[in-house]
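Please find below a short note for a colleague who is new to this entry. It is meant to be read beside the sequence and the structure.

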Amino acid sequence: MPELIEVELYRQALDAAVGRRISAVLTPDPTYARNNLSGDEVRAALVGTTIESTTRIGKLAVAALDSGHQLGLRFGMTGRLVVDDVAVIDELEYSSGRDDPSWDRFVLHFADGGVARINDPRRFGSVELDPDLTRLGPDATLISALALTAALQSDRSVKAVLLDQSRIAGLGNLLVDESLWRAGIDPARSARSLDDETVRHLRRVIRRTLTQLTRRGGSHRGDLQDERHQGGICPSDGASLTRRTVAGRTTISCPAHQR
DNA sequence: ATTGTGGCCTGCCCGC
DNA sequence: TGCGGGCAGGCCACAA
C-alpha cells in the first residue's frame with residue numbers, strides 16, 4: 001500500500017466526493033468488502049446516502065455518510081483511488097502504472113455522474129462499513145513523545161512495533177526502514193531498549209520524514225530507496241547495507257551507523 | 001495475552 | 001523471445 005502518505009492523498013481526492021449523493025455501487029470483487037458483507041448489503045447501506053466528510057487514521061481512509069454510518073477504505077499494497085477519472089498517484093512502487101478496468105474492485109457512482117473507484121490489481125485492499133477505529137493506534141503524523149514511548153514498551157523489535165498499526169497507525173515497511181535509518185537505530189533492536197532521548201529523536205525523525213517525503217511525492221522517495229537492493233550502499237556513510245528479514249519484512253539497514 | 005509465521009492474490013522483473 | 005522463480009509499500013487467521 002500505499003502507506004500513510006499515499007492514503008492522505010487518497011483522502012484528499014475523496015474530498016471531491018463530499019456533498020455528492022451515491023446513486024449506485026458496483027462490487028465486481030465479491031470478497032472486497034470485509035465482514036462477509038455481500039454486494040447487496042453494501043449497496044443497501046450506501047446507495048442514496050451522501051458523503052459528508054472524510055478523515056484518515058493511519059492507512060485507513062474514512063468517508064462519513066449522512067446516514068450516520070462510515071465507509072472505511074483500505075488500499076492494501078497496490079490499491080489506488082481514482083475519483084472522477086483523476087488518479088492522484090499514477091504509479092505505485094511494486095505495482096503497475098496501468099489502470100486496467102478489470103482491476104476495479106469497488107466503484108461508487110454519484111448522482112451527478114462522477115465516479116470514485118478503487119483499482120487494485122493484487123486485491124489486498126478492502127472496504128468496510130463502520131470500521132472499528134479503536135483498533136488503530138495514534139496516527140504517526142500526530143503521535144506525541146509520550147504516546148510513542150508507551151507504544152515502544154514491548155520486547156519485540158522496534159521495527160515490529162512501528163509496523164504494528166494498533167500501536168502507531170500509518171507507517172509501512174518503507175517508511176519504517178527510512179525513519180530508522182535516518183535515526184540511526186537498528187531495526188532489530190528491542191523496542192524497550194530505546195532510552196527517552198532516543199525516543200524523542202525518533203519521533204522528530206518520523207515526523208520530519210513524513211513531511212519531507214510528502215513534499216517529495218511519496219513513501220518511495222526516501223534517501224534509502226535507491227539502495228534497497230542487493231549490494232546497496234549507505235548514502236550516509238558508504239558502508240555496505242544489510243538486507244535481512246525483520247518483523248517478517250524485507251529490511252534494509254546500515255550496520256555502520258544504525259545501532 | 002502476546003508474538004511470530006504462513007498465506008492471501010496478482011503483476012512484474014530478472015536471469016537463463 | 002519465452003519462461004520460471006522470486007519478489008512486492010498490508011493485514012488477517014492461526015498456532016505456540
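The points below concern a predicted model and take up a sheet, a helix and several individual residues.

1. The sheet. Five strands form an open sheet with antiparallel pairing, and their order is β1-β7-β8-β5-β6. At the edges lie β1 (22-26) and β6 (86-87), each of which pairs on one side only. Helix α2, spanning residues 39-46, packs on this sheet and touches both β1 and β7 (104-110). The direction of α2 makes about 165 degrees with that of β1.

2. The pairing of β5 with β8. Strand β5 covers residues 80-83, and β8 covers residues 115-119. The two strands run antiparallel and are joined by four bridges. Within this pairing, V83 has A116 of β8 as its bridge partner.

3. Residue R80. The side chain of R80 reaches the backbone oxygen of R98, at a distance of 3.5 Å. A reader who inspects β5 will find R80 within that strand.

4. Helix α5. This helix comprises residues 173-183 and is mostly covered, with 10 of its 11 residues buried. The buried residues are N173, L174, L175, V176, D177, E178, S179, L180, W181 and A183. Which elements do they pack against? The partners are the helices α1 (4-14), α4 (158-163) and α6 (196-216), together with strand β11 (249-253). Just after α5 comes G184, which takes a positive phi of about 75 degrees.

5. Residue N35. Although N35 is not a glycine, its phi is positive, at about 60 degrees. N35 is placed in the loop between β1 and α2. The relative accessibility of N35 is 54%, so this residue counts as exposed, the limit being over 50%.

6. Residue D84. Where does D84 lie? Its place is in the loop between β5 and β6. D84 counts as partly exposed because its relative accessibility is 34%, and that class lies between buried, under 20%, and exposed, over 50%.

Key:
Residues are numbered from 1 along each chain as its sequence is written. Chains are lettered from A and ligands numbered from 1 in the order in which they are written. This is a predicted model: local features need pLDDT of at least 70, side-chain atom pairs count only at pLDDT 80 or more; totals for chains, interfaces and linings use all residues. Side-chain values use heavy atoms; hydrogens and water are left out. A polar contact is a pair of N or O atoms within 3.5 Å; within protein, one must be able to donate a hydrogen and the other to accept it, and residues adjacent in sequence count only if both atoms are side-chain atoms. Two strands pair if DSSP finds at least two bridges between them. Contact means heavy atoms within 4.5 Å. Axes are lines fitted to C-alpha atoms, for helices over the stretch in contact, and angles run from 0 to 180 degrees between N-to-C directions. Buried means under 20% relative accessible area, exposed over 50%, partly exposed in between (1.4 Å probe, protein chains only).
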